[in-house]
Amino acid sequence: MGKSRNGIDHQIGFIQSLFHSIFPGILRGVKDQERYRRYLNTFILHFRPRNVPSRTLRFTLTWGLGGMAVVLILMLFGTGVLLKFAYHPFPDKAYESILHLQHDIQFGQLIRNIHHWSANILLVVVFLHFLRVFFTGAFHPPRQFNWIIGLSFFLTVLLSNFTGYLLPWDQLSFWAITICTGMFDYIPGAGLWLQKMIRGGAEVGPSTLTNFYAIHTVILPAVIILFMPFHFWRVRKAGGLVIPRTPEEDNETRGEMVPSIPNLIVREIALALILIAFILVISVFFNAPLESKANPGLSPNPTKAPWYFLGFQEILLHFSPLIALFFIPVLMIIALVSIPYMHYPSNTAGVWFASSKGRRMAIGATAAALIATPIGILLDEYVVDFAVWIPGLSPVISQGLIPLGIVLVGFYGFYLLLKPRYHANKNETVQVVFCFFLTAFIILTITGIWFRGSGMRLSWP
Amino acid sequence: MSEKKRKKIKEEQFPQDPSRRSFLNKLWIGLGILALFEFALLVMAYLRPSKTGVKSGDSETIIEAGPVAKFHLDSVTAFIRGKFYLCRLEDGGFLAVSRKCTHLGCTVPWLDKEKRFACPCHASAFDIKGEVINPPAPRPLDLYRLFIENNMVKVDTGKRIKRSEFRAEQVVYAKKVQT
């Protein structure tokens, strides 16, 4: 029973030696096991920091939203690859292939459900993550550019959802994509050209499906794979997450540092498992929607955009198309991009809602929007009609500039009312504007999802 | 190493004229950008929707709707293959009206009882001439070119014609002499 220099017993069988070669150290002494465990840990430490400030581990700082997004993206990649084996991207086959997937393939319906729910929940998670970053001031230097990367990421996730929406080729998807791409009609200049590029022709048809399939399954996943490490790397370069603190505390103190293994990793794994379990449960009980096969000759009533674009569709019902589909989105993008680049009197990174005054003002703005938006929608639906009151005006003015002016003047009045009471600084003011329009947009989206019935008239859900 | 000495070594290593050097560097960058630009153009040209080869006026796009007498006054007939409605007005004139709503592109059905096209998507409505009765549609329904040969109504579906308002000259009449 001689032992060789490196301690392997020559008498053990082939299977065992193979096993040892794959998992060296598993049957050896405690010391070797410890060594190999350390290898695994150093592997993990390629992705996660060695030590993290213990205060950033607090769940109420991040709500685990970034980590949840990663888990959902991985689940989407996994189920997406599986779906690719069953799906045919041709108008005369796509719908049938989905039916085949759901009825004949083992777990086909479940896989589709997981993909569907992960995609929709990802959108919500990414949106909440965006709110968390804004309200903890995590866009101040040195995190300015990571805010932009995050916004691009958000757009990518939106586009992924949107391009995936067409693929089942049922009535729901066909008409949603028709009206959403129809909105390009109103973008001045390059609108029609863009529409033709996206549709691959004048109307939604086979080329549109080919385009969307390629974008959904190759281009956007590639973009996501590139964006994710970039986003995380910038977090690391900024010195990790923002340190949660009260307004009085200095933002330089990092506090006690603790090793990531196990403190951070265990938390991340636990959250991932809970989320996966949650998605699985939802996917078992709730099927992804599938209506009858797309029929270009019959528009369903009502025809709605995907739920995440219903805010814009709702705006479109109140404003003329040029304003609703061009000026408002462009203004939104400019405002969001410029948030980290305005000159702020104080760096509020790590403080929820910038200050305690900021918190009160944010609640005030949210409440104001909560009251004003439904009133505005009802008034515009039933009372106000400038086109009739002042005949002869072009619709751009009567349905565009006048209502927009009223909204802006109303908001400015609210702002003037609020300002002397609080003596707000710029941090708090920007936050108030953000809260007001964000709440308004959410209410518009909710109205679009649940309170628009036949003919897009207001109705109860 | 002093700053002077370092500078001297640098000059020995790169004896060329610094302005020439920077010029060449800029040239490389410029060429790189140009190559990228060309590449982008190439991709765009590749992705641009290809022309199907069928043009307006080709015999393939022309649909023979039927003899003039087949269509009653003040009636609307749907042509599913051509994606249009053939409208015969009360005065006997013809219009070939696109079935696509001018708001966001939904398909508008003709409601015979109410005598109007009603879009199910956003409640736009159009009369028999395609004129807007109810917004949000911004302009009348698009037209297709319609002509009457030997008392046969024919429609060229190759090109949709946008219009900002209804005008009398859009209506096509059968020649009275023949009837």
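Analyst: **Domains, sheet and helix packing**

In chain B, the domain assignment (automatic or from a database) gives domain 1, residues 3-47, and domain 2, residues 59-170. The C-alpha centres of these two domains of chain B lie 61 Å apart. This is a predicted model, in which local features need pLDDT of at least 70 and side-chain atom pairs count only at pLDDT 80 or more, while totals for chains, interfaces and linings use all residues. Residues are numbered from 1 along each chain as its sequence is written, with chains lettered from A and ligands numbered from 1 in the order in which they are written.

Chain B contributes 13 residues and chain A 22 residues to the contact between them, residues being in contact if their C-beta atoms, placed from the backbone, lie within 7 Å. On the chain B side, nine of the residues are nonpolar, three polar and one charged (Ala, Val, Leu, Ile, Met, Phe, Trp, Tyr, Cys and Pro count as nonpolar, Asp, Glu, Lys and Arg as charged, and the others, Gly among them, as polar).

Chain B also holds an open sheet of four strands in the order E5-E6-E7-E8, with antiparallel pairing; strands are DSSP runs (E) of at least two residues and helices (H or I) of at least four, numbered from the N terminus, and two strands pair if DSSP finds at least two bridges between them. Strands E5 (110-111) and E8 (132-134) of chain B form the edges, each pairing on one side only. Strand E7 (residues 125-126) of chain B joins E8(B) in the antiparallel sense over two bridges, and B:Ala125 stands opposite B:Asn134 in E8(B).

In chain A, helices H12 (residues 310-318) and H17 (residues 426-450) pack at about 90 degrees with their axes 7 Å apart, where axes are lines fitted to C-alpha atoms over the stretch in contact and angles run from 0 to 180 degrees between N-to-C directions. H12(A) is therefore roughly perpendicular to H17(A), a term for angles of 65 to 115 degrees. Among the residues making this contact are A:Leu310 and A:Ile315 of H12(A) and A:Phe441 and A:Leu444 of H17(A); by class, the contact has five nonpolar, five polar and one charged residues.

Helices H4 (residues 65-84) and H11 (residues 260-285) of chain A cross at roughly 50 degrees, their axes coming within 10 Å.

Note on methods: Contact = placed C-beta atoms within 7 Å. Parallel < 35°, antiparallel > 145°, perpendicular 65-115°, else oblique.
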